[in-house]
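Let's take a walk through this model, one neighbourhood at a time. Keep the 3D view open and follow along.

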Amino acid sequence: MKLLGALLESPNMPTRRPVVDANFETNVPGLYVIGDLSGAPVVKLAMEHGVKVAEHIAAKPDARGDDGQVFDLIVIGAGAAGLNAALSAQDRGLRVIVLEKNKIANTIEDFPEGKWIYAEPDSVPAKGKLWLDGARKEDLVSRWHQIIGENRLDVRTEEGVTGVTRRKGGLEVRTAKQTYLARRVVLATGQRGNPRKLGVSGEDREKVYHRLYSPKHYHEQDILVVGGGNSAIEAAVALAENGNRVVVSYRGSEFSRLFKDNRRKLQQEVEARRIQVVFRSNVRRFDEATYVLEVEDGARTMEKPYQHAFVLIGADVPTEFLRSLGIQLENDWTGNPVAAAAGVLATLSGLWLHQPAGWALAAAGLGWLVWSALRGSRWSLLGVSFLAAYTIYGAKQAPGHEFWPYRGWGFQALSVFNRPWSFWYTVLYTGVMTVFGIQALKRWGLDKKDRFQIWRYISLISFQWIFFFLIPEYLFQAAVKYQWVGQKLASDPNFTGAAWRSYGLVYAWPLFFNTFLGNPSQVWVVWGALLSFGILPILVLFHGKRYCTWICGCGGLAETLGDRWRHLAPKGKGSTRWELMNAIVLGAAVAITLAVFAQDAWTVLRKPAASGLDYYHLIADTWLVGILPVTLYPFFGGKVWCRYWCPLAKLMNVWSAAFTRFRVSRFAIHSNDKCIACGECSRNCQVGINVMNFAMKQEELNTLNTSCIGCGICVTVCPMDVLSFQAPKPAQARLVQIQMAGD
Ligand SMILES: Cc1cc2nc3c(=O)[nH]c(=O)nc-3n(C[C@H](O)[C@H](O)[C@H](O)COP(=O)(O)OP(=O)(O)OC[C@H]3O[C@@H](n4cnc5c(N)ncnc54)[C@H](O)[C@@H]3O)c2cc1C
Ligand code: SF4
Ligand code: SF4
């Protein structure tokens, strides 16, 4: 159960978000979420959210009402997003108030004195009425106060919202002081209100803080700073510069997320012995005058005096607050797993009965699953998704060999208009890829004006149409009929009777396992060998594993249908270790191919070769490539097969890693020094790579250190234009590694 829980939770990052539609509306009608909480990582983009949501709400026919008791809009949170939303809505004639828990622009107010606020990204103009330019935080906040005053915006500070409930005709918003009614509510509460805690004894002492406001207040003191991110290190450096003796306790064994500048300043302070860094350490407790650190997994402890401690380990998304408002979060495993399993079983059993009572049972089971999935049950959605994939692939087996309960009738039942189910499967596949491919092309290519993504999606859709639909279903037959392939081949029954082998024009071994098996025409053997061991390695040399994201039909479905769930790709080291599974599948493919080739010489291999082929077909070609990954698209993103089980992806990884190791590869991703640690790149990587980690260290990301498939989405989504595809550099400059100062 623990393992299952960890697996289901693995796609969740610290940046887990509420589920919103394209207009920021949540599953609670009339309740919108914008800003940091909804994925805007910087002030400028949070401001943009504010303008967009106000435009959307103001355009609704019922946006304004006459009832003086009911506000047209209540905005919760007076940060960049909330203030800009309220100002824009007020400009459009809506009656608006802003409810703020603390003070105006509280998050920015809470930054250390004099902090410089960057107005990135440069390429995006600031939208709305709030002012934004690179400035000290004090100047920025004072301009915002001025704008609020000039626009007479009603901002009620020190009035935190405790609940929002749906009422007839609108929403009821509760604070400790009052209850308000509104037609619509925009939640812009950011993520910073919930500082992460260590949960150790003594953390509630007055001398233990979770933010540092003014380093200038501390001189000649013993201070502990806990954390390894930029906020913690900036605080430690500022305190050290002010003449304090600072210990930094960090649980990791190196700083992996520091800006270059912070890394350099820290190194200076460490060398000047004003900061001591204790890696692989955890605070065990805070006593009155000392704190205790557990170092190197408890191998030793350190007790040190302190006057102040700053625990700066980030902030948590306010999940409980959001849930209390009824807002669904990404990857919330809602619903009942047992009931969902019962629904699946009832549906399949009903189909198996194959009589009116059975059809009724199947309809009831499926109907209930769909109904509860539409009402938000994730377990039921899993059931529906499984039933769809299982039916499609279970019935696609050779007639008479379909999976239970479709055996003996499934293939036939789906073979309509004089065409077999395998033909309609290809039509369905191509249709789905086209529809969702165009959507993805718009999302990543047209909307973001990104030519790389436009061409990538055109390529994927075109390969599907030409090589995986038109050629095997029509053009191959035409080529034979009109002898485009030459008279000799066109009259060879071994060639003409196997149109399906034309999939091997693009699918290389061992993805298209049968290129070399089952007595193929020589032409396929020669082409298969050339493609698999000649053309593909050259492609890999120049483009890494881009075959997966530009050409392949399996990767194509993942990049199109699976695209909307890309952020749910399992993350973390554990999820990467599972990638070893594709080495096992590759090993099986190699062993079976060799056994089939050798069986004529060693007849003892005949039986294992035949069984190996049967099992490979069942396990790899049906369950691993079809049923399981497609079922899991909405839960773990589209790349389950490609990342965990595809033997060709593994083979390309081996080649690409070797090319990188010998410094001949032309494929890598590089970063400049502008990363703001927003996490967008890592969130959107479909193979769960922690791209941000590379970006912050400005370390080369390649196919030796990751399983990158070159989709380029990380490059596209980065708001700071940090990432770019570039050939690996000859000798990589390593960033300074911070040394531990002596105990
Ligand atoms: C260390 C650090 C440095 C940064 N530096 C920069 C930078 O230089 N440039 C940049 O562009 N971005 C920077 N950012 C990011 C920037 O702070 C955020 O992107 C931005 O503040 C998000 O705006 P927001 O309006 O969504 O949320 P916030 O600014 O967090 O505003 C949320 C508001 O909601 C209020 N609130 C919370 N709960 C409630 C409640 N229940 N009821 C009522 N009110 C509530 C809060 O008090 C707060 O005022 C930095 C972030 C950090 C952590
Ligand atoms: S690292 Fe970037 S290019 Fe590589 S797979 Fe992830 S998102 Fe795509
Ligand atoms: S590299 Fe990643 S974390 Fe850094 S700014 Fe770009 S998207 Fe954000």
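Start at Asn 282, which stands opposite Glu 294 in S15. Before going further, some ground rules: this is a predicted model, where local features need pLDDT of at least 70, side-chain atom pairs count only at pLDDT 80 or more, and totals for chains, interfaces and linings use all residues. Residues are numbered from 1 along each chain as its sequence is written, chains are lettered from A and ligands numbered from 1 in the order in which they are written, and side-chain values use heavy atoms, with hydrogens and water left out. Helices (H or I, at least four residues) and strands (E, at least two) are DSSP runs, numbered from the N terminus.

Back to that pair of residues. S14 and strand S15 (residues 290-295) run antiparallel and are joined by five bridges; two strands count as paired if DSSP finds at least two bridges between them. They belong to an open sheet of three strands, ordered S14-S15-S16, with antiparallel pairing. Strand S14 (281-286) and strand S16 (300-305) sit at the edges with a single partner strand each, so one side of each has no neighbour in the sheet. From one strand to the next, the twist averages 25°.

There is another sheet to look at, an open one of five strands. Its order is S10-S17-S11-S12-S13, and the pairing is parallel. Here the edges are strand S10 (208-209) and strand S13 (275-278), each with a single partner strand, so one side of each is left without a neighbour in the sheet. Strand S12 (residues 245-249) runs parallel to S13, and four bridges join them. Ser 249 is the residue opposite Val 278 in S13. Also worth a look is Arg 273, in the loop between helix H7 (260-271) and S13. Arg 273 is not a glycine, yet has a positive phi of about 60°. Most residues other than glycine have a negative phi, and most peptide bonds are trans.

One joins Trp 404 and Pro 405, with omega about 0°, and Pro 405 lies in the loop between H11 and helix H12 (410-414). A cis peptide bond also joins Trp 509 and Pro 510, with omega about 5°; Pro 510 is in the loop between helix H16 (493-496) and helix H17 (522-543).

Now for the helix packing. Helix H9 (residues 337-353) and helix H10 (residues 356-374) pack at about 155°, their axes 7 Å apart. Axes here are lines fitted to C-alpha atoms, for helices over the stretch in contact, and angles run from 0 to 180 degrees between N-to-C directions. H9 and H10 are therefore roughly antiparallel to each other (angles under 35 degrees count as roughly parallel, over 145 as roughly antiparallel, 65 to 115 as roughly perpendicular and the rest as oblique). In contact terms (heavy atoms within 4.5 Å), H9 brings residues including Ala 339, Gly 343 and Leu 351, while H10 brings residues including Trp 359, Leu 361 and Gly 365. The contact of H9 with H10 divides into 12 nonpolar, five polar and no charged residues. For these classes, Ala, Val, Leu, Ile, Met, Phe, Trp, Tyr, Cys and Pro count as nonpolar, Asp, Glu, Lys and Arg as charged, and the others, Gly among them, as polar.

H10 also packs on helix H11 (residues 378-394), at an angle of about 130° with the axes 8 Å apart. That makes H10 oblique to H11. The contact includes Leu 366 and Val 370 of H10 and Leu 381 and Val 384 of H11.

Further along, the axes of helix H13 (residues 421-446) and helix H19 (residues 553-560) come within 8 Å and cross at roughly 50°, which makes H13 oblique to H19.

Finish at the ligands. Which residues come nearest to ligand 3? Of the 13 residues around ligand 3, they are Cys 675, Cys 678, Gly 679, Cys 681 and Cys 718, where near means a heavy atom within 4 Å. Helix H25 (680-684) and helix H26 (691-697) each supply at least two residues of that shell, which divides into 11 nonpolar, one polar and one charged. Around ligand 2 you'll find residues including Cys 685, Cys 708, Cys 711 and Cys 714, in a shell with nine nonpolar, two polar and no charged residues.
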